[in-house]
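Please work through each task before reading its solution.

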Amino acid sequence: MAEKGVNAAYICAALSLNRFELDALVRQAGVSLNRSTLPTHQSNHSWSFGDLARLTRQWLAGTAIKDIASSLGRTVRSVKSKRGALGLPPRLSSTWSEADTSYLAQAWGSGTPIRVIATVLGRTVRSVSGKRRRMGLPAIPGTIPSDPSVVLTWEQASQLTPDERCGRRWMVKDSPSQIVVGFKATRGARKTPMVSAWTQEMENELAYRHFANQAPAAIAEAFLLSERTIVSRSSWLHLPRRRKKELRADYDPALAPVRIAELDYIQRECLGKAGFFFWTTRRNGRRISRRHQQSRVMRSAV
């Protein structure tokens with residue numbers, strides 16, 4: 001931690017040491033400390049010395065990241081970021097046991113969807129897909145057409161990793177209007193798959209699932225997109241906030257119109273960007289979307 005430039009105050013908090021004990025350890029190790037003054041401003045999201053100590057103890061004890069984030073009242077992303085700042089060792093990926101390997105071979109041979117296999121094994125789809133290729137297990141014959149112009153079913157697309165779905169299109173799970181989504185053949189600047197295009201039908205499907213109180217993770221699974229993509233698009237559409245205790249995993253299309261009427265929401269076309277529709281309250285609602293306000297045209301006019 002000292003070699004990575006972590007502040008001496010943070011090291012004391014993480015190791016539960018006082019300044020004198022830390023100085024004695026530093027003299028024995030022959031390293032220098034970062035003794036710069038800490039920022040004086042504090043916020044509700046700042047890390048206290050107690051939080052740093054608990055994070056260090058739980059991380060070194062092997063506690064799951066989700067459990068650490070829950071105990072500290074923070075997000076998993078925040079815990080991972082602070083772990084790197086403190087110089088704590090990263091978690092090594094768990095090895096595959098013989099039982100896991102045999103189950104993968106048996107389940108894959110019987111045609112079990114890859115997402116179901118990943119859930120049973122407690123792993124990601126990418127991890128299961130990589131292990132399947134290393135084991136030399138062939139793709140299930142007759143289930144996934146090789147022609148990229150063919151629209152896949154949700155079950156077929158769920159057996160592919162995001163990288164394998166580049167250039168493919170598939171159906172949204174349990175969609176009353178049978179919406180089709182897809183990835184571009186080329187990846188983005190971050191070497192990650194990108195949605196080909198958000199159509200008006202896709203945005204309406206997302207909005208109705210949002211008003212039906214379906215959880216973002218469940219919507220992401222139905223679209224086979226990342227949860228971050230779903231949350232970002234919901235923000236652009238000005239969809240209202242929801243209480244966590246009201247979120248549900250399933251999708252009931254009948255709940256959306258009821259919820260829209262309760263909130264008195266309507267869909268409007270942005271006055272500054274033709275063809276872009278967003279959601280707002282009927283009375284005293286917005287006329288210009290946040291997307292247009294943050295565009296280059298609006299910023300250059302300021």
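**Exercise 1.** Leaving aside its neighbours within four places in sequence, with which residues is A118 in contact? State also whether A118 is buried or exposed.

Solution. The model is a predicted one. Begin by placing the residue: A118 belongs to helix α7, residues 114-121. Next, collect its contacts beyond four places in sequence, which are R123, T124, V125 and V128. Then take the accessibility: the cut-off for buried is under 20% relative accessible area, and A118, at 3%, is therefore buried. Finally, consider L104, which is 14 residues from A118 along the chain; the two C-alpha atoms are separated by 9.1 Å.

**Exercise 2.** Determine how α3 and α5 are oriented to each other, and describe the residues of their contact.

Solution. Two packed helices are described by the angle between their axes and the distance between the axes. For helix α3 (residues 49-60) and helix α5 (residues 76-86), the axes come within 11 Å and cross at roughly 90°. Angles of 65 to 115 degrees count as roughly perpendicular, so α3 is roughly perpendicular to α5. On the α3 side the contact involves L52, L55, T56 and W59, and on the α5 side V79, K82, R83 and L86. By class, the residues of this contact are five nonpolar, one polar and two charged.

**Exercise 3.** Carry out the corresponding analysis for α11 and α12.

Solution. The axes of helix α11 (residues 216-223) and helix α12 (residues 227-236) come within 8 Å, with a crossing angle of roughly 110°. The two helices are therefore roughly perpendicular to each other. From α11, the residues P216, A217, I219, A220 and F223 take part in the contact, and from α12, E227, I230 and V231. Seven of the residues in this contact are nonpolar, none is polar and one is charged.

**Exercise 4.** How many residues line the second largest pocket, and which helix gives the most to that lining?

Solution. The second largest pocket has a volume of about 420 Å³. Its lining consists of 14 residues, and those nearest the centre are H210, P216, V231, R242 and L247. Both α11 and α12 supply at least two lining residues, and α12 gives the most, with five.

**Exercise 5.** Locate N213, and decide whether N213 is buried or exposed.

Solution. N213 lies in the loop between α10 (200-211) and α11. Its relative accessible area is 14%, so N213 is buried. Apart from neighbours within four places in sequence, N213 is in contact with R242, E246, L247, R248 and R259. R242 and L247 are also among the residues nearest the centre of the second largest pocket.

Technical notes: Residues are numbered from 1 along each chain as its sequence is written. This is a predicted model: local features need pLDDT of at least 70, side-chain atom pairs count only at pLDDT 80 or more; totals for chains, interfaces and linings use all residues. Side-chain values use heavy atoms; hydrogens and water are left out. Axes are lines fitted to C-alpha atoms, for helices over the stretch in contact, and angles run from 0 to 180 degrees between N-to-C directions. Helices (H or I, at least four residues) and strands (E, at least two) are DSSP runs, numbered from the N terminus. Angles under 35 degrees count as roughly parallel, over 145 as roughly antiparallel, 65 to 115 as roughly perpendicular and the rest as oblique. Contact means heavy atoms within 4.5 Å. Ala, Val, Leu, Ile, Met, Phe, Trp, Tyr, Cys and Pro count as nonpolar, Asp, Glu, Lys and Arg as charged, and the others, Gly among them, as polar. Buried means under 20% relative accessible area, exposed over 50%, partly exposed in between (1.4 Å probe, protein chains only). On a 1 Å grid over the protein atoms alone, a cavity is a set of points where a 1.4 Å probe fits but cannot get out, and a pocket is an open set with protein on both sides within 12 Å along at least five of seven lines; lining residues have an atom within 4 Å of a point. Grid points are joined across faces, edges and corners, and a volume is the space filled by probe spheres set on the points.
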